[in-house]
Every structure is written in structure tokens, then in C-alpha cells.
Amino acid sequence: MIAPWARALGQRFTVLWWLKGVGTTVFMTLFFWAYFTILENPANPPIEVPTLVIDRWIPLTPWAYSIYISLWVYVSLPPAFLLNFRALLHFGLWVSAMCVACLLVFWWIPTQTPTFDIDWSLYPGLSLIKGVDAPGNACPSLHVASAVFTAFWLQRILSKVGAPQWLHWVNALHCVAIAWSTMATLQHVALDVIAGAGVGAVFAWGSLRALDRRSELLEI
């Protein structure tokens, strides 16, 4: 027998599924275009982000690559489970505002991760990331900001459908694991992660607070 909360999530997934699929694809395409354009054309010389003691506690972990790239599935979940067009629009505008804010910082105050003395050819998965995503657009980590923003929204949706507590823990742990993976793959350092988490939390709080003030969006 399917649990009521699982049935509710399944029903939510079918609502406007075509719009959600197309919208998410278009958004990610535009985002990556803007991200790599800014990465290659910053307004000023990049500043290297300093490391903290916590960076020495997290070793290079090649298998963290799979968790790192899981973000792109994770961030697709909140819009996939929203119930109406207005809620989708609200979510899209807030996540777009967060991305634009970070991209402006990347363009005007560019940062990059330190150069690590590692032969990346020994790690094929990580070598792929390093070949595509140069060590720029570092602080704040938009990877972490997106994960935190997603975690807040998923928590709200899971509460709405009466999901069990263990699923809330899975959501929180996945967000933490993604943040850890950005350091374990040496894509980011601790300061990037801390700043990214702050940005994600601020925009998530603002978006959900605005949601609560608009009665037509409450049934998210």
C-alpha cells in the first residue's frame, strides 16, 4: 500500500509536468551560459580565496564527485512537486534572483580557489570537472547556495504532505553532503561554502516568508 505522503508527492509531480520539465531545462541552459560567460570574462582580476583550518580536515575524496553532480537532480525536486503555476513562478523568480546576485558578485569581485598540487589525470571524474569548470566563480559557492535554497523548500513541501521524519533527515543530510562534496572535490574551500550557505539561507527565508504572505500560493 502506498503511503498517503508518497501518493501526494506523486500527484504533485504530475501537475504541469510538461511546464516544469521545459522550464527547468531552459533555466539551467540559460544559467550555464551566463555562468561560463562570466567565468571567462570577469570585470577584474580574480582574488584567490584563502583556506581555513577546516580545509585541512577534509581530504580529497574522488567518489564525492557523484554527490557533487547530484545537485542538478536535487535542485529540480522543489519545482517538480509544486501544485500551481503561481507557486512555480514565485519559486523561479526567487531562485533566479539568487543566481543573478551571485553572478554579479562573480563578475565584479571575481574569486578563485587556490591551485592544488595534484595530478588530476589520476582522477578521471574530477579531471572532467576541472577541465570544464575552471577554478573561478568561487565565493560564494553557488553550488552550496542552491543546495541550501532547495533544502528549505523541500522541507516545506515535505511538511505539507506529512512526510515522515526520516525523509526530512534525508533531505538535510543530502544538502550537507553536497556542501561537503564541494570541498572534498577541491572545487571550493571553506569560506566559499560558508558564504554560499548564508546566501542560500537568506534567499530561502525571504522566498518562504513572501510565500506565507500570499494566500493564493500557500498550497504549494
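**Figure 1. Ser 70 in the loop between helix 4 and helix 5.** In this predicted model, Ser 70 has a relative accessible area of 18%, and it counts as buried because that value is under 20%. Apart from its neighbours within four places in sequence, Ser 70 is in contact with His 174 and Ile 178.

**Figure 2. Helix 2, residues 17-40.** The end C-alpha atoms of this helix of 24 residues are 35 Å apart.

**Figure 3. The buried residues of helix 2.** Lys 20, Thr 24, Met 28, Phe 31, Ala 34, Tyr 35, Ile 38 and Leu 39 are buried. An α-helix has 3.6 residues a turn, so residues three or four places apart point the same way. The buried residues of helix 2 pack against helix 1 (4-14), helix 5 (71-74), helix 6 (77-80), helix 7 (85-108) and helix 9 (142-160).

**Figure 4. The largest nonpolar core, with 51 residues.** Leu 82, Phe 149 and Trp 153 touch the most other members. Two or more residues each come from helix 2, helix 4 (64-69), helix 5, helix 7, helix 9, helix 10 (165-184) and helix 11 (190-212). Helix 9 gives the largest share, eleven residues.

**Figure 5. The surroundings of Leu 82.** With residues up to four places away in sequence not counted, Leu 82 touches Arg 12, Val 15, Lys 20, Ala 87, Leu 88, Phe 91, Trp 153, Ile 157 and Ile 220.

**Figure 6. A second, separate core of five residues.** Among its members are Tyr 68, Trp 120, Leu 126 and Ile 129.

Definitions and conventions: Residues numbered from 1 in each chain as written. Predicted model: local features only at pLDDT ≥ 70, side-chain atom pairs only at ≥ 80, totals over all residues. Heavy atoms only, no water. Helix = DSSP H or I, 4+ residues; strand = E, 2+ residues; numbered from the N terminus. Expected span 1.5 Å × (residues − 1). Buried < 20%, exposed > 50% of the residue type's maximum accessible area, 1.4 Å probe, protein only. Contact = heavy atoms within 4.5 Å. Core = buried A, V, L, I, M, F, W, Y, C linked by side-chain atoms within 4.5 Å.
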